[in-house]
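Dear colleague,

I am passing on the structure that we spoke about, and you will find it directly below. My notes on what came out of it follow, and I would be grateful if you read them with the coordinates open.

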Amino acid sequence: GSSSDHNHTYLNNGVLTLKASKIGWNEGNSSSDPYLPIHYHSGTVHAKHKVIINDQYPNYEIKARIQVPLSRGTWPAFWLAGVNSWPPESDIMEFKGNNENWQNTYTGSWQNKKTRVSNPENWHTYRIWISKKNDTDVNIHYYIDGQWQAQHTANFVNKPMWIILNLQTEGSSGNPGPNSDARMLVDWVYVGRSVKESGPLSGYAFCANERETCVFSGTRDVVYGADGKFDHQTATDSINCDNETFGDPIRGTRKACYVSQTSSYRPMSSSDVSTPNKLSCTAGSIDSWENGFILNNFTVTNNSNTIVRNWSAALVFGRSITITNAWGITISGSGDNLTGTNVDYNGYLAPAQSATFSIQGTSSSSIDMPACRAE
């Protein structure tokens, strides 16, 4: 239906309803391949937000709590589709007239995961976690009700995608479709993303690019660098933003200066580096399946009143595991005790600031949440 057609797209007590209704007249054929006859009007919602995986936003989490119809000819879906071209496509939830959910990724060829869902007419949560793997590829993890289902790899970096909820009919879901109205219900939709910070910490503002002059009022703390690596100087009214003044905190990278937003801010020195016992590491959640697991959202927090410039996290598993992927931490190898270090963008922690990381791995048997110690 159109954006003004609220017969097929509407809220009912806060729940989004997408309705498909059979029509009793000849409306011709669809203008899209495979140009099937139009027998129904139905609801569709496109989010205004565009999902783009890139250096600034390397991770996305997208999930929704949904009820779907199961009658023949109903085709409910929750998916991502390319804004400028097709592919890309990622199907978070797709049913085709039965209780088998399709979670698909299309890059020019298909990757598919089919899962039987118990009573999909009841509420279930469908989720993906997308993470930037390299300059061209992402890893997409598919979940149903918190249980990991599959990982696909796709060349989706820097390719904007729409988030779509729709209830189509017939086509791949079978013919003929239902004679009575069919409804897809959506309780909520969650979209979250992580940000790769280029600045040093809260309380600072951009002042000048490398080889420019940073001008401000009063005596301030000024930091110079990029990607979580910075050197500090105390200056009054202005300072040159260059390696000659600050030193070179990160070689081969375009840097900038950031100035503290208050002249009463105490200038930082080399003594303002946290010692190991001032860091804490708390566990998040664990998703596991046969011979595999993902540890989600460990949090390293600076509990001191000083600056942390780099950190490490030691994990005690109690049994031998093998790391296959990691986000927000540099860690690899096999064993029952493994240690990782921060990545470039999350090593710099101001007082009370935190960094998160997640790990994927394999194990010959199920594992419990490991103990974590940050230093």
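**Strand E18 and its sheet**

Tyrosine 224 has cysteine 257 as its bridge partner in E18. Please bear in mind throughout that this is a predicted model. The pair belongs to the contact between strand E16 (residues 212-226) and E18, which run antiparallel and are joined by four bridges. On E18 (residues 256-260) there is also an antiparallel pairing with E15, this one over five bridges, and within it alanine 205 stands opposite valine 259.

These pairings are part of an open sheet of four strands, in which the order is E15-E18-E16-E17 and the pairing is antiparallel. Its edges are formed by strand E15 (204-209) and strand E17 (229-241), each of which pairs on one side only. On average, and with direction ignored, neighbouring strands of this sheet are turned by 35 degrees against each other.

How much of E18 is buried? Five of its five residues are, so the strand is largely enclosed by the rest of the structure. In a regular strand the side chains alternate between the two faces of the sheet. In E18, Ala256, Tyr258 and Ser260 point one way, while Cys257 and Val259 point the other way, and all of them are buried.

Which strands pair with E6? One partner is strand E13 (residues 161-169), with which E6 pairs in the antiparallel sense over nine bridges. The other pairing to report is with strand E7 (residues 89-94), where five bridges join the two strands and they again run antiparallel; a hairpin of six residues leads from E6 to E7.

**The protein as a whole**

Taken overall, the protein has one helix and 26 strands, and its C-alpha atoms fill a box of roughly 80 × 50 × 40 Å along the principal axes. Of its 375 residues, 48% count as buried. Among the contacts with a separation of 6 or more, 64% are accounted for by residues 24 or more positions apart.

As for the surface, the protein exposes about 17600 Å², of which carbon and sulfur atoms supply 45%. The charged side chains number 29 positive and 33 negative, and the centres of the two sets lie 2 Å apart.

With best regards

Notes
Residues are numbered from 1 along each chain as its sequence is written. This is a predicted model: local features need pLDDT of at least 70, side-chain atom pairs count only at pLDDT 80 or more; totals for chains, interfaces and linings use all residues. Side-chain values use heavy atoms; hydrogens and water are left out. Buried means under 20% relative accessible area, exposed over 50%, partly exposed in between (1.4 Å probe, protein chains only). Contact means heavy atoms within 4.5 Å. Accessible areas come from the Shrake-Rupley method with a 1.4 Å probe; for residues, only the protein chains shown count as cover. Lys and Arg count as positive and Asp and Glu as negative; His and the chain ends are not counted. The place of a charge is taken as NZ of Lys, CZ of Arg, CG of Asp or CD of Glu. Two strands pair if DSSP finds at least two bridges between them. Axes are lines fitted to C-alpha atoms, for helices over the stretch in contact, and angles run from 0 to 180 degrees between N-to-C directions.
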